[in-house]
Amino acid sequence: MSALNEWFQKGLTVEEYRDQMTAHKENMDEVSRQFSLPDDQEFFSELAARHIRAIVLTEDWCGDAMMNNPVLIALGEAADVEVRFLLRDSNLELMDQYLTDGRARSIPIFIFIDEEGREVAKWGPRAKKVQSFVDEARSSLPAKDDPAFKDGQDLLIKHLTSAYVERKDFWMEVYAELKQTLQTT
């Protein structure tokens, strides 16, 4: 059996993941309530026919996960893609195989596997449009050694969290990138 199949089997179901959440649960539920997939039945049918599954490396404190996971969950429900969640901090052996830029344990990371457990695609941690938004917001932060850095970072996190919960265009950008990633594999 493939190692990725073993990781998938270890993963939490959507319900188990939600039940264990202590941070961002309300925000994730809000995104879940408001997000609607586009009418993309042909894509959903094609995806369902491929019998792929998804492993999500995540943590509930992560704002990107709070926004991106509901998009994947909705896609999974529409396209019969079973989704399982692994908490990053207790699964570093797998996480370290999916570092962002070869160095950062950024999450969420979505690993799509076939029936044999072979990786067919991966996506994460952020849509390009969202990354640009984050980079622009971060550009106004003081230097890390500046006494104002901590307060500025706290405000930035509040700003990003609010945007992630409210900006439907961000959710649709995540969906569009997931679709593109899955169609090109």
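**Entry 1: overall size.** I started with the radius of gyration of this predicted model. For 185 residues a compact globule would come out near 16 Å, and the protein has 17 Å, so the two agree. I then looked up the extent along the principal axes: the C-alpha atoms fill a box of roughly 55 × 35 × 30 Å. As for burial, 46% of the 185 residues count as buried.

**Entry 2: contacts along the chain.** I took the contacts between residues at least 6 apart in sequence and asked what share joins residues at least 24 apart. That share is 76%.

**Entry 3: the order of elements.** I counted nine helices and four strands. Reading along the sequence, I noted the pattern α-α-α-α-β-α-β-α-β-β-α-α-α.

**Entry 4: strand β3.** Next I picked β3, residues 109–113, and asked how many of its residues are buried. The count is five of five, so I call the strand mostly covered, with under 20% relative accessible area as the cut-off for buried. I109, I111 and I113 point one way from β3, while F110 and F112 point the other way. Both sets are buried.

**Entry 5: the partners of β3.** Which strands pair with β3? One is β1, residues 53–58, which runs antiparallel to β3 and is joined to it by five bridges. Here I found R53 with I113 as its bridge partner in β3. Another is β4, residues 119–123, also antiparallel, with four bridges to β3. On that side F112 stands opposite A121 in β4.

**Entry 6: the turn.** I followed the chain from β3 into β4 and found a hairpin with five residues between the strands. In the turn I checked G117, and its phi is positive, at about 90°.

**Entry 7: the largest pocket.** The largest pocket holds about 790 Å³. Its lining has 32 residues, and D64, S106, R126, R138 and L160 lie nearest the centre. Which elements give two or more residues to this lining? They are α5 (63–79), α7 (128–138) and α8 (149–166). The largest share comes from α8, with seven residues.

**Entry 8: what the lining is made of.** I got 13 nonpolar, eight polar and eleven charged residues. Back at the centre of the pocket, D64, R126 and R138 are among the residues that lie nearest to it.

Conventions:
Residues are numbered from 1 along each chain as its sequence is written. This is a predicted model: local features need pLDDT of at least 70, side-chain atom pairs count only at pLDDT 80 or more; totals for chains, interfaces and linings use all residues. Side-chain values use heavy atoms; hydrogens and water are left out. On a 1 Å grid over the protein atoms alone, a cavity is a set of points where a 1.4 Å probe fits but cannot get out, and a pocket is an open set with protein on both sides within 12 Å along at least five of seven lines; lining residues have an atom within 4 Å of a point. Grid points are joined across faces, edges and corners, and a volume is the space filled by probe spheres set on the points. Ala, Val, Leu, Ile, Met, Phe, Trp, Tyr, Cys and Pro count as nonpolar, Asp, Glu, Lys and Arg as charged, and the others, Gly among them, as polar. Buried means under 20% relative accessible area, exposed over 50%, partly exposed in between (1.4 Å probe, protein chains only). Two strands pair if DSSP finds at least two bridges between them. The radius of gyration is taken over C-alpha atoms; the globule rule is 2.2 Å times the number of residues to the power 0.38. Contact means heavy atoms within 4.5 Å.
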